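Hi there,

Here is the structure we talked about passing on, with some notes on how its chains meet. Please have a look at it before you read on.

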Amino acid sequence: MDVVVLGKLVAAVFVLSMLSLIFGENFFFKWGTRVVVGWAIVYSAILGLYWTDFYAIKPILEKADYKWLIVIFFGLLMYTRLSRRYAWISKYPISISMGIGFGMILPTWARAQILDQIRITIVELFSPVSTFDLIGRILVLVGLVTVITYFFFTKEHKGVLGSSAFIGRLFIMSSIAVIWAGDYLWAMSMLAGQLKFLINDVIIGIFLRR
Amino acid sequence: MGKEQKNIWEKLGSLDYRLVYITFILLLAIPVVYPLGLPIEIQGNVRDYYDTIKNLPRGSVVLMHSFVDLSVWADTGPILIATWKMIYDEVVRNDLKIITYQSSVDGNAKMADLMKGELKPSQTMINNFGITWIDLGYIPVGSDATHAIMNADFTAMLPTIQHNLHFGTEWRGKPLLDVPILKEVAKRGGKPNILEAHDIDLLIIGYWGCTYPDTLVRQFWVAGDPAYEVTSVHMTIGNCVPNVVPYVGKNNPVTGYVAGSSQAAMLEILAGHLGEGAVMADLANLAGIGTVIFVVLGNLSYFGIKYFAKKEED
Amino acid sequence: MSTTFWRKDLPTIILAFLGFTLIAQAIFNVKELNDLRAWFGLIPTVIAYIAFGVGTVYGVTAEINMWKRNRTLKQGIITGSFFLMMALMVVVAVLYGGLESWRKPEFRWYLLNIYQPQSQGMYAVMFLYQCGAVYRVLRFRNWETAVLIISGVGFILSQIPLFTAYIPFMSAFGEFVAKYPSLGGTRPANVTGAVGGIIVALRALIGKEQGTMAIGGG
Amino acid sequence: MIVLRDNRLWDILWLVLFFGLTTYYMSLASKGKGIPKIRTIAALEAIVEGVGRAVEIRKPVHFSFGSGGAGLTGEAVSETVAGVGILSYSASATAKLGARLIMHLPNQPESIPLLEGTIDDAYLKEGKVGEFDKANDLRFYGTGMMVFAAAASEAYIRDGCALKIMVGRQNTLQYVHLEAAKLQGAIVVGGTTRWTAMYIFALTCDYMMIGEEVFAAGAKVTENPYMLNSLQVEEYMKYFSLAITALAILLRTIGVDIVSFFRM
């Protein structure tokens, strides 16, 4: 048996192991899962080491870029989490990560996700390609306004705000539905792909032709 | 549980889930063995995707993200392959310059396989590797921060070329600006001799993390000084459509997108290279019928209980 | 200096300092700040990579404890396979390229034949579970579920050749839903999501955000 | 030499305006003033109920951020922080009522200290130090979204599940283990602002937090005047967005170039 055939058989075992979850609790699924978890833990460790080496250690050794020593030091502080007594020290690297995270995103956030959404809505509203399109674009504007009113937290949803929030919820549902529909189709391709693999490659390719 | 007798409507609404699962497995398995081969109608967004690439000015520079995630390959692979085949045609027809990269480890490996098999370039292209097109290899980009660095200067994110292809001329391990095409591209717009997003005319990018369009628009359109405003077309999966659509339009950041294997089939038809997408689109047919049947069954049960079951009790 | 300073105040100050520095970089064009930003951008990534071991420790101890709590043959096989897999991976990594091993074909064999089929198997399960949900959830209970069903199922059918070939308006309906009503929900969801996120960021930079305060331990 | 970048007027306006408002409301909070009433968020009440049920039927409470929901970069930070608020609230409830909490750590090791520290703090506050069994109940599954989904599903089967809470920036693949928890008969509570993944909660959750509600919930559970007061600023930001929309429509009607208006 060559490596490719062996690979396909191993792959089939793991696909079937995962599919067995639909029949509820069983040993085959538990086994398959834990084996892959074992694999994934080592994989993340190897990638962690590789990229640490690539970004931090190599610049120090090859370019004498010593600023990375500071980063490595703070990265290592993460491990204080494993000790009960010094666990609080791990707050430092976390604070650094969060500070950089907030600082990177905050300045452009409002423009990209708030102003641009409003801008595109209005630009489109005034440049319809047909009457039908215009009606659709007015619908988008109505959605924009009503959904924002749904998210008011300090007022109870009654009266005008109540009806507006209700319409907003309908838009939310429509949006969620389309996302779900896309995902449904995508997951369908994934199952179809697996069935294709099991039928064409494994059953027909390996068992029937050998 | 055993005490109360279920009426027909209740039984209809509480079928064993395993029955549902097995029905769908069968519905998807039948076309694998007996293909149906139904006609496919081409949708607007796919046509826009195709037209954007087709109508690029002669000699444009395209940054192409070879989007591979092996775990979603069945759904997104057909799009990548159809796009690459189209790109091969356009390089010949329209003299496009292609810079490609991968943002996943499996992508790096898979591209090498593809370039040896399904996507084997012509001998002319192989000879021109590094001159009219180049594969940068794996770049760990994806977040706002990493894109911001890369877009300002590619060499900051990737000092040397990391590709896995072997075409005789070996660029792997060389500094970026040693490669003729990159040196030439770096001379264009923005800062001279720095390879940055200003030098790019079109971005073809793939993802299946649906917040990525936001990141892309922030980093390739809004950011930069002056703003980069790089137009992009997207290869994605069905459920990211609502995240892309807000940005789509003629003069907007995104000019077209292809979502999922069923739309890949449409691109294959447009570009004239039939492939895996058409097969995948075919598989969805019977499952679509199954979906309708189960929605109807669930609702029959719901309305049956609501309107008829009560009367029986009276 | 009090313990509160070292444990709460100083980390908050560091957080705010880094945040404000980057905000300044986004507004002012200063070379030093630009250079700093390029470096800063990689710091969280590198810290995250270095921290992998914390996860490894918890992953392994949880498995050992599963075996300790439940010393049966079946659990023995599972725990045994778990550690056998880890050992195999370590051996492959050491034999084939060390840190570079994940690029090597020997390593890729595992990626292609264990990780990938496992993921795809789970996606298949996800589809089947969704089919179950289609049957359980999609009932015309009220206006909201009605919209959910019409938009969702309508969009699904608009992507399937069988339906677009024989129902003339199907394709147009799918495009309509994705282009208008759905967009009318997605855009404001983006807007309000950003609003909520910005407030958290502002609170954190001012030092009043409770979520960043956790320290734990002794 | 300090040079202002081009096209940054809106960003500066936004930052200055809302920094100003937040600081103002913080100063009000320190005097105990201006604290708004927040409308009820059903999911939060469901968490306490669910923990009570978990004690009754002697099954654990599972909490997760999904496979990659606790990032510390990009937009994810804010949501992680809001999720941490809900984690702290849930952990306090399990500590108080004596339910077992199982934490499925995300595949982002950098946020483990934050999550673990939050649980520690919650147990410390309830005076139950050491009752959270770290060796057993902190689970890490390495890289891979589907590895996480499979492993979490396996944990519900193995240990049982009375209540499943999921927050954070999800991907839709986490649907599998939400549904697995549902099929185990658990109460499922969760929410996300990552809009793409919202549907997985709509299909499976008994109580869900839609989008921005997660942020509001994260602030509400702290019952901290500073956090609550900032929600008022959040409302102003939404009013402001609506006002800009109206203004832009008006300007466009009288013929002003909207594109350059927004590019300022």
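A polar contact here is a pair of N or O atoms within 3.5 Å; within protein, one must be able to donate a hydrogen and the other to accept it, and residues adjacent in sequence count only if both atoms are side-chain atoms. Between chain B and chain D, the count is zero residue pairs in polar contact (both at pLDDT 80 or more).

This is a predicted model, in which local features need pLDDT of at least 70 and side-chain atom pairs count only at pLDDT 80 or more, while totals for chains, interfaces and linings use all residues. Residues are numbered from 1 along each chain as its sequence is written, chains are lettered from A in the order written, and side-chain values use heavy atoms, without hydrogens and water.

Chain B gives 14 residues and chain D 13 residues to their contact (heavy atoms within 4.5 Å). They bury about 1,100 Å², 45% of it on carbon and sulfur atoms (accessible area, 1.4 Å probe, lost on being put together, summed over both). On the chain B side, Trp208(B), Thr211(B) and Asp225(B) lose the most area to chain D, together 37% of what that side buries.

Between chain A and chain C, 109 residues of chain A are in contact with 113 of chain C, and the buried area is about 10,500 Å², with 80% from carbon and sulfur atoms. The rule finds three salt bridges there (a side-chain nitrogen of Lys or Arg within 4 Å of a carboxyl oxygen of Asp or Glu). Arg34(A) forms a salt bridge with Glu63(C), with the closest N and O atoms 2.6 Å apart.

Best wishes

Technical notes. Buried area is the accessible area (1.4 Å probe) that two parts lose on being put together, summed over both.
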